[in-house]
Amino acid sequence: MRRKKLVSQWVKMGRQSLKWTAELEFLRRRVRRLFNKCRLDKNPHSWDLYREAQRNYRKEVRKASKNAWRAFCSTTDDLPRSARLHRALSRDPKTKLGSLVAPTGRQTQSEGETVELLLTTHFPNSGVIQALAAPVAALLARRSDWRLATRVVTFRGVEWAIDSFTPYKSPEVDGIFPALLQQAWEVVIPYLVYIFHACLETGYVPAIWRQVKVVFIPKPGRSTYSGPRDYRPISLTSFLIKTIERLVDRYLRDEALAIVPMHPNQHAYQAGKSVETALHQLVVWAEKVLDQQEIALGAFLDIEGAFNYTCYDTMCDALFRHGSEYTIMRWIKATLEGRVAVATLNEISLRFTISRGCPQEGVLSPLLGCLVVNDLLTRLSGGGILSRDMQMT
């Protein structure tokens, strides 16, 4: 059923590129007229005419849906949309999160044990708690903090950040849809500007913004889903903190990274670069070596849990090396420290603290991950090694 729902969503997206034809509209109205006539005269022959018209109408709708789906697939030629389509169609609708097998070989006996096993596997050093963590103490703002906050957070910037979200994306812990902010932007944005200024100046993050809803989704292409590593944790945070994170991300890319840029071999999450550009450079380099009749050694490194295992101080050190201001580093560290994640399986819900890493699907997470890996690329390149960072998600 899940696969049928996913396919129907893609079919609806395909229909949007085609107009509702006059013939389908005529058939739909004809079916409606015949139905109203049958209710009035109660003639068996009228019901036969109605059923025949209804079958003809449904046949034409299915035909138009197939044509729309075929046209949509033929126009999907870029890599991101094709990857999304492949993931949607390759998911197993029968996969359900239930009992899992721990690395020790012991099988979980309850939903609570399953959730706890997933948390301890993907979030090391995490601990289950009963209440929210204590709010992070706000620091006094200096004049330099105030000036930087006014540069990062502006009315137009907040409006741009809110408009960049998909309107009806799933709400997070606070239940706020992006559409709510987009429809009431004239009323909401002035207050958000003041709130974002105060948060960035003092390095304070409200407790509700530090709550994270964790959803475990099955990884595609697995033969079995019996272990915790067969699932990927997705951290869903409030769209309010995502808004200010988007502003900070744009500021870092336009200001700090413009002065101290990342290594040119960094292809992950960079404008104009992708896995394709990294592979193209790698193939060109390998062909050059083969043409010169030399030997080339290649190694592919997959860092397990790169987003979940990175320490906070390591991220701050990477920001400092690229010229980030102390105000920005202090606020980013405040967003990461003291996070409280909530994971739910059926009726069982656990709340736990996170002591390291950055949230997957977070706005700043790709940039922070690239900054940490960038130091490794610099060291390898300095040693005469051709290295490429081409993270694939």
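**Salt bridges and helix packing**

Analyst: Gladly: the structure holds 12 salt bridges, each a side-chain nitrogen of Lys or Arg within 4 Å of a carboxyl oxygen of Asp or Glu. This is a predicted model, in which local features need pLDDT of at least 70 and side-chain atom pairs count only at pLDDT 80 or more, while totals for chains, interfaces and linings use all residues. Residues are numbered from 1 along each chain as its sequence is written, and side-chain values use heavy atoms, leaving out hydrogens and water.

One of these bridges joins the side chains of Glu 25 and Arg 29, at 3.0 Å from N to O. The two are four residues apart in helix H2 (residues 22-41), which means that about one helical turn separates Glu 25 from Arg 29. Helices here are DSSP runs (H or I, at least four residues), numbered from the N terminus.

Now to the packing. Helix H9 (residues 185-202) and helix H14 (residues 326-336) have axes that come within 7 Å and cross at roughly 100 degrees; axes are lines fitted to C-alpha atoms over the stretch in contact, with angles from 0 to 180 degrees between N-to-C directions. H9 and H14 are therefore roughly perpendicular, a label for 65 to 115 degrees. Cys 199, Leu 200, Glu 201 and Thr 202 of H9 meet Thr 327, Ile 328, Arg 330 and Trp 331 of H14, where contact means heavy atoms within 4.5 Å.

Helix H6 (residues 143-152) packs on helix H10 (residues 239-259) at about 100 degrees, with axes 10 Å apart, so H6 and H10 are also roughly perpendicular to each other. Here Leu 148, Arg 151 and Val 152 of H6 meet Leu 247, Val 248, Tyr 251 and Glu 255 of H10.

Note on methods:
Angles under 35 degrees count as roughly parallel, over 145 as roughly antiparallel, 65 to 115 as roughly perpendicular and the rest as oblique.
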